[in-house]
Amino acid sequence: MGSLLTYFESLCGKKREKEEERYIHANNRPLNLPYQYADNAIRTSKYNVFSFLPLNLFEQFQRLANAYFLVLLILQLIPEISSLSWFTTVVPLLLVLTMTAVKDASDDINRHRSDKQVNNRRVDVLIDGELRSEKWMNVQVGDVIKLENNQFVTADLLLLTSSEPLNLVYIETAELDGETNLKVKQALTVTGDIGDSIPGLGSFKGEVRCEPPNNRLDKFKGTLTVNGQTYALDNDKVLLRGCTLRNTEWCFGLVVFGGPDTKLMQNSGKTVFKRTSIDGLMNVLVLCIFGFLAVMCSILAVGNAIWEVREGSVFIAFLPRPNGVNAGFSAFLTFWSYVIILNTVVPISLYVSVEIIRLGNSFYIDWDRKMYYPKSDTPAQARTTTLNEELGQIKYIFSDKTGTLTQNIMTFNKCSINGKSYGEVVDFTGQRVEITDKTQTVDFTWNELADPKFVFHDPSLVELVREGDLAAQHFFRLLALCHTVMPEEKTEGELYYQAQSPDEGALVTAARNFGFVFRSRTPESIRIMEMGQEVTYDLLAVLDFNNVRKRMSVIVRSPKGKLILFCKGADTIVYERLHPSCLKLKDTTTSHLNEYAGDGLRTLALAYKDLDDDYMEDWRRRHHEANIAMDGKEERLDELYEEIEKDLMLLGATAVEDKLQDGVPQTIEQLAKADIKIWVLTGDKQETAENIGYACNMLREDMTEVFIVAANTAEGVREELEKARRTMCPEAPDKPVVVEARAGLFWRQKTRKVEDEAVNGEYALVINGHSLAYALEKDLELELLRTACMCQTVICCRVTPLQKAQVVELVKHYKQAVTLAIGDGANDVSMIKAAHIGVGISGQEGMQAVLSSDYSFAQFRYLQRLLLVHGRWSYLRMCKFLRYFFYKNFTFTFVHFWYAFFCGFSAQTVYDEWFITLYNLVYTALPVLGMSLFDQDVNDRWSSQHPQLYSPGQLNLYFSKKAFVRCMMHSCYSSLILFFIPWAAMYDTVRDDGKDIVDYQSFALLAQTCLLIAVTIQLSLDTHYWTAVNQFFVWGSLSAYFAITFTMYSNGMFLIFTSTFPFIGTARNSLNQPNVWLTILLTSILCALPVVAYRFTLIQLWPTINDKVRHKVRKEALPAPAPRRPPVRRISTRRSGYAFSHAQGYGELVTSGRFLLRRPQKIRTALLFPQSDSPLSQGQPQLYRPITALNRVPEEEQPAQQS
């Protein structure tokens, strides 16, 4: 009833007022009820049992052609103007409406099931002082609910208390942003002190004032008032629906937003009805055809009036006119009669066939085994059947990064220790060997604590460490000590690392496998296993990472009393602080770093320094003073860090790979060859995004220039964009060239297109989120678009979900190009819905994007096959179908038009009525469907090997207004041949036995036979790829025509249904005459000959890319799959950034000791990591959970100013 209620509420003027501020009373449903906040039920369905039929029919009759055929049906029910039976329109109209309704109902039933499954999940809700299990749909704003480990977050909650120390909770946000990183949230101390006391939580009477529902995932503003004190609330204290609770026994939260008001659903946006550009073009063409039909009918009506005045009086003697009917009224009736007869210019079977073709091509995507991902048992899925041909016209792709291009997994690949590089595999000649899945890996069984799934291929490094090389051991000792990873070890050797960033986890895991195992930490010590021996280091200080320092250090005391500072960071930063004696080693390490950067790896330099006890004592005293200083604390600490991090001794460097999904660089390369532009829109920081850009070959060092736009003001952004544009195209005008036009139905839609500008060289643009916010403003958006479209690659960093959608809309609006958005998280949903085509990556990162997408698969590399094979074929087939369909129906209709001049404009049909009924439904339906479902100009392997074949679709070359006009001219020529050649051949002709053959029925039979054979020959000329099915459909349809014709024109059918089958004996009397068959042969040759000559001339003089490739196909064997080429060694001076975290690290939390506290009021009976969840116990790879760090952990919240 939802749709109907909404409809009636809108009629009555009842509408929910827009919220300015939300006011919530905890544990008090009656007080919250007057605000009419949305409940927690979600509804994504469109219909219900009562609204389906009226709403669906209303939607279907909004399609111009359906409304036209309804009017046509009404006209056919009027005897005075109808010369055709009503069933010729009713049957196909009902078929179209029924097929579309069934498909819409099926889609909506699936949405109902999905909604029901989510709404019926259970959660514990605190009601009347006790916990009750309730369905999600019954949860209301203001309720206090309890979540347990691994549960989905029910609604948007204000975190009140948790089982963890400092009221922390760990959540996974895969459904929101596609990242498997664990994020940290923290409750206020004032609520956290309640613990899990049910009486305490039940008596909690806090009042929340906060922002109204919105789609900003990264921001929350509000206040909590408890006992007269007001506390500020921010995003760190809110759990969003779509997240999953991890590594936390339990937590309690207050529902702030429910159901459609949650940020997850707000980001889902409205479901937009997407239509292809061909659909829009067809609507315009159908409107033009209606106009053309009206012109033809008007000409024939005028002809009827003239004929009635000049010739009609002769027939009045034996065909008297009805009373009141004169020549003018006769012409009026004739107009409507010809509207009915000539309606085949827009046959309703066109829409039936289009739906069948789209459905068939969707099945090809579902059934494609080359797009099936066996590791997760995930096939490709076409979630909509109406957009297939649009896949062959994509010009811009907007891609997320994390989880879409990358796997969000870091691996330790290579390292440089004491001037020697490790990690590569060489053969006996010393030549570098490409590492594949079959390459032998290093055996770590000697290390009982090693991660069994850690992979390394260079055995010489293990030998070096085990032989006791001091530099190598010091190298891995640094990796085991210099970090802020938090370990969990339930049983001996069963380790689980919670890392601040994926890089950190990869490096600590590497140290673990090479014999330096990080086991545990306290605020004052770090315990590690060094080559089987347990060693505990005193932790004296953590010099934490931030985005300015770009390094971190720890100061430790070894068991022997030796003081050491270990440092790791960006090589440029560490090099500035090295001892002069390291100059030679620095040069060697730099060359290794250049090689690693050339391979797209993320690099770090490692160094150490021995410290003096006296100096350290003095430094710690000054460090303590700076820590407790009220003013200038940060500056004083930075000075102390700079002082002690000097004269470092270089150990080497690490190279970590941010693993891309398989085939990503190759896919991007092929799509670029197809002239598809790829823009990366990511929430990651600039350094990380740039690194992935280089790894994917979207950014290259041989590019002319890579522009960075990072200004913090609108004027600064304008200057940077204009400077980049002038660099790329100095002669470009200051103002963009905007072409204004009209499009759409009745040309009501105004369009503005920014023309492309020629650029010499290859450029790339990287723009930050805060700069993008200014650039998307009205006065700057065209400058952004011009500059970005001049670049080969565009990367937008730190963008919000809303900005992603805005960028897509900007390109859609001003480039008039077909766009595709691909992502895997809820933050990509708005982008996916905004683009013409939305693609969801289905994997471990969540399904929110998939649920909102039009197509889904498991790996980014399948996008190449989706576009270059399925998309191109679908577009090619649909265009061929439309050209042929309009050709055969215009030819059919024009013959009626010419015949009108010979039948006194009497609205008599030139064909048998049964032929008219069966022409589109039986005689020509299957052959054109066979071509449209199976035809291909070249096979899939050639399509992938020659991406340039894709470009005609982007330019809309195969079906356009020009192509339609050419089709009409071709039909006009064919109709002239098909009418006048049979007419001339039959005029005053006699049979072999001297009897007259010239009668209406014989001419009708000859005309329709010539027509059917001619259009069948045309279809054969259009078919490039013949299959047994095509052959069966073509010959079967012709056989069916003759079989049905001889049956319907037989004596038996005439005797049984005299009025229905009047053409008695016509077939056997006409088709046994040689001159009839010679006429059929002549018309067929004359119809086909110009087409063959025209196409031959085009191929010889102006061959297209398709002609060239098809010629190559005939001359060459099937191309073999591209061989694996060993990667070319690239040297790069560019350094990939090391992401400790997106913000400051949590070294302060590590050393505070508070993370080790446990709640006194309850003994934790459940282990934090149940044994069944252990990766090692199940023989699975050990995964580290990156954690977004807290900037600061306050002792207690200071009450904000009371509101």
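1. Aspartate 675 is placed in the loop between H20 and strand S29 (677-681); helices (H or I, at least four residues) and strands (E, at least two) are DSSP runs, numbered from the N terminus. Phi of aspartate 675 is near 65°, a positive value in a residue that is not glycine. Aspartate 675 has a relative accessible area of 38% and is therefore partly exposed. On the scale used here, buried means under 20% relative accessible area, exposed means over 50%, and partly exposed is in between (1.4 Å probe, protein chains only).

2. A word on the basis of these points. The model is predicted, so local features need pLDDT of at least 70 and side-chain atom pairs count only at pLDDT 80 or more, while totals for chains, interfaces and linings use all residues. Residues are numbered from 1 along each chain as its sequence is written, and side-chain values use heavy atoms, with hydrogens and water left out.

3. A positive phi, of about 55°, is also found at aspartate 377, again not a glycine. Aspartate 377 sits in the loop between helix H12 (349-367) and strand S14 (381-382). Its relative accessibility is 54%, so aspartate 377 counts as exposed.

4. The closest N and O atoms of glutamate 669 and lysine 673 are 3.8 Å apart; a salt bridge is a side-chain nitrogen of Lys or Arg within 4 Å of a carboxyl oxygen of Asp or Glu. Glutamate 669 is partly exposed, with a relative accessible area of 38%. Lysine 673 is also partly exposed, at 44%. Elsewhere, salt bridges that share partners join Arg551, Glu576, Arg577, Glu642 and Glu645 into one network.

5. By the salt bridge rule the count comes to 46. One of them joins the side chains of arginine 22 and aspartate 261, at 3.0 Å from N to O. This pair links distant parts of the chain, 239 residues apart: arginine 22 is in strand S1 (residues 22-25), and aspartate 261 is in the loop between strand S13 (250-257) and helix H9 (263-268). Arginine 22 and aspartate 261 are both buried.

6. Arginine 29 and aspartate 143 form another salt bridge, with the closest N and O atoms 2.6 Å apart. Arginine 29 has 29% relative accessibility and so counts as partly exposed. Aspartate 143 has 4% and so counts as buried.

7. The loop between S3 and S4 also holds valine 141. Valine 141 counts as buried because its relative accessibility is 5%. Valine 141 and isoleucine 24 are 117 residues apart in sequence, and their C-alpha atoms are 7.4 Å apart in space.

8. Glycine 600 lies in the loop between helix H17 (583-598) and strand S27 (602-611). At 5% relative accessibility, glycine 600 is counted as buried. A distance of 9.3 Å separates the C-alpha atoms of glycine 600 and alanine 655, which are 55 residues apart along the chain.

9. Val295, Ile299, Phe901, Phe902, Trp983 and Tyr987 make a nonpolar surface patch of about 590 Å². Patches are made of residues with over 30% relative accessible area and no salt bridge; like charges are joined within 9 Å and nonpolar side chains (Val, Leu, Ile, Met, Phe, Trp, Tyr) within 5 Å. Accessible areas come from the Shrake-Rupley method with a 1.4 Å probe, and for residues only the protein chains shown count as cover. Tryptophan 983, in helix H33 (residues 961-986), counts as partly exposed at 32% relative accessibility.

10. Glu634, Glu635, Asp638 and Glu639 form a negative surface patch. Lys and Arg count as positive and Asp and Glu as negative, with His and the chain ends not counted. The place of a charge is taken as NZ of Lys, CZ of Arg, CG of Asp or CD of Glu. Glutamate 635 is in helix H19 (residues 633-644).

11. Zero disulfides are found in a search of the whole structure, a disulfide being a pair of cysteine sulfur atoms within 2.5 Å. Cysteine 1087 is in no disulfide, and the nearest cysteine sulfur, that of cysteine 1010, is 8.5 Å away. Cysteine 1087 counts as buried at 4% relative accessibility, whereas cysteine 288 is partly exposed at 33%.
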